[in-house]
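Subject: Structure for you to look at

Hello,

Here is the structure I said I would pass on. Please have it open while you read the notes that follow.

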Amino acid sequence: MGGKCPHRNVKKRRYSHKTHRRDKFLVKGDDMVYDQLKKPDEEKKPLPVDEDLPGMGQYYCLHCDRYFANVAVRDEHFKTKRHKKRVKQMMGPAPHTQLDADIASGMGMPDNGPKLMSM
């Protein structure tokens, strides 16, 4: 009758996989994606062909920073809730940067007051 709960250690196991740990470091930060989105269209370059990326690196979602294998998969991604939430987040105010965090913690540039004339 009793026994262990089958869902007891699911969360613990979920984040211990190698792919999850590796993907955590490959994702661009929100501030980098935000800056890329705010660039004018003239500065945006076509995607280079890269054999290591899915779909030769041609099918890319800029908001989510993801590559897709083909157009159909990318278009399905555009319809998902995760993508729509990400687009809404990127259209809002600018996300915090490392400089903001440093200033808030008191590690920013020192404020030495106004500069005095030196003779």
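D65 sits in the loop between strand 1 and strand 2 (66-68); helices (H or I, at least four residues) and strands (E, at least two) are DSSP runs, numbered from the N terminus. The model is predicted, so local features need pLDDT of at least 70 and side-chain atom pairs count only at pLDDT 80 or more, while totals for chains, interfaces and linings use all residues. Residues are numbered from 1 along each chain as its sequence is written, and side-chain values use heavy atoms, with hydrogens and water left out.

D65 is not a glycine, yet its phi is positive, at about 60 degrees. Most residues other than glycine have a negative phi. D65 counts as buried because its relative accessibility is 15%; buried means under 20% relative accessible area, exposed means over 50%, and partly exposed lies in between (1.4 Å probe, protein chains only).

M56 also has a positive phi, near 60 degrees, and is a residue other than glycine. M56 belongs to the loop between helix 3 (30-37) and strand 1 (59-61). With a relative accessible area of 37%, M56 is partly exposed.

Next, the cysteines. How many disulfides does the count come to? The count is zero, where a disulfide is a pair of cysteine sulfur atoms within 2.5 Å. C61 is in no disulfide, and the nearest cysteine sulfur, that of C64, is 3.7 Å away.

On aromatic rings, a search of the whole structure finds one pair. Y60 and Y67 form this pair, which is tilted, with 4.6 Å centre to centre and 40 degrees between the planes. For the term, rings of Phe, Tyr and Trp (its six-membered ring) pair if their centres lie within 6.5 Å; planes under 30 degrees apart count as stacked, over 60 as edge-to-face and the rest as tilted. Y60 is buried, with a relative accessible area of 14%, whereas Y67 is partly exposed, at 30%.

Last, the record. UniProt lists residues 61-83 as "domain: C2H2-type" in an unreviewed entry; its positions are given in the numbering used here, feature names are shortened, and annotations may be inferred rather than shown by experiment. Over residues 61-83 the chain is 48% helix and 17% strand, and the end C-alpha atoms are 9 Å apart.

Regards
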